[in-house]
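Please read the following points alongside the structure shown here.

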Amino acid sequence: MMNLARYPRVTLGHLPTPLEKLDNLTKELNGPEIWIKRDDCTGLSTGGNKTRKLEFLMAEAIAEGADTVITQGATQSNHARQTAAAAAKLGLACHLLLEDRTGKTDFDYKENGNVLLDRLHGAKLERSPANPDMNGEMEKLAERLRAEGHKVYTIPGGGSNPTGALGYVNAAIELIYQANTIGLKIDHVVHATGSAGTQAGLVAGLAGINSGVPVLGIGVRAPKAKQEENVFALASRTAEKLGIPGTVKRADIVANCDYIGEGYGFPAANTIEAIRTLARTDAILLDPVYSGKGMAGLIDLVKKGFFKKGETIVFLHTGGSAGLFGYPTDFLTNA
Ligand SMILES: *Cc1c(COP(=O)(O)O)cnc(C)c1O
């Protein structure tokens, strides 16, 4: 079994997040019963999935005596924004290295949405051109700050390492407890997968409690083989950290990367359509980079009969709605 209380943790999120039925989307699609796990409601600076990871990461930073945390992400990174918020709340300095991953130059993308919140929380922003080794760039920044006398804790992109993934082990336990309480048999969990920590933690947690619940990650960046390899590697390391090595099998890791469109940070036509649909059916706000793609995948897989009537699907809403304000021009037409 898993005992999460033995790892240092700070309280940042409003947990447990609600598990709700999406009545109107379920009716509209006329397929499986669709539920939503509201990790968009974790409460920290408009919420999102990084809050759970940061409960363990920030506790480790404090335990190591850090006065400064650094992380990196794309310009409209939700992870960067939640890290800035967590650092503010805990009294640590925060440096964010924001990568120009899209080449977008409009003001809203560069300064509104998550970037506005980064600034409000008092984070220091540095911009970087697109770079395949952003974690390496972050280490260079860390060395500069250490040379100035700071005690620096670096958080990898997306907070995705075994410590951060503990947040989603916790989410797995929480979800199964909620489902048990109301007698809900979950056939599939679906969510957007990027830097892999969410899916890795979920799968390790669900395997660790022998839930038998499969997870489908909808990719937002890497091709399927690469994404599954990344998730499997991190899920395996997370299981080792939990003291249950070998619990996660390669077959437990499934990603579908058919909904990426043009690439990371570029919403596809079906991303925009999924965002509009959920806003109108159940008044749920998705985002253009992650949860909109995850939901586009879920909707399409229902329409194709991959998820069937009589089944119960839980969409894990990983948050990101602050990012909508970085993409207003994608929603100008009332299609
Ligand atoms: C980071 C993020 C994800 C992806 O989670 P990973 O742990 O990076 O795979 C999904 N949705 C939103 C809104 C995110 O910010």
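1. A residue is called buried when its relative accessible area is under 20%, exposed when that area is over 50%, and partly exposed in between. Keep in mind throughout that this is a predicted model.

2. Glutamate 99 has a relative accessibility of 3%, and therefore counts as buried. Its side chain meets that of arginine 101 in a salt bridge, with a distance of 3.0 Å from N to O. Arginine 101, by contrast, is partly exposed, since its relative accessible area is 21%.

3. In helix 6, which covers residues 134–147, glutamate 143 and arginine 146 are 3 residues apart, so that about one helical turn separates them. The side chains of glutamate 143 and arginine 146 form a salt bridge, at 3.0 Å from N to O. Glutamate 143 is partly exposed at 46% relative accessibility, and arginine 146 is likewise partly exposed, with a relative accessible area of 32%.

4. Helix 9 (residues 224–241) holds both lysine 224 and glutamate 228, which lie 4 residues apart, or about one turn of the helix. These two residues, lysine 224 and glutamate 228, are joined by a salt bridge whose closest N and O atoms are 2.8 Å apart. Lysine 224 is partly exposed, at 41% relative accessibility, whereas glutamate 228 is buried, with a relative accessible area of 8%.

How values were computed:
Residues are numbered from 1 along each chain as its sequence is written. This is a predicted model: local features need pLDDT of at least 70, side-chain atom pairs count only at pLDDT 80 or more; totals for chains, interfaces and linings use all residues. Side-chain values use heavy atoms; hydrogens and water are left out. A salt bridge is a side-chain nitrogen of Lys or Arg within 4 Å of a carboxyl oxygen of Asp or Glu. Buried means under 20% relative accessible area, exposed over 50%, partly exposed in between (1.4 Å probe, protein chains only). Helices (H or I, at least four residues) and strands (E, at least two) are DSSP runs, numbered from the N terminus.
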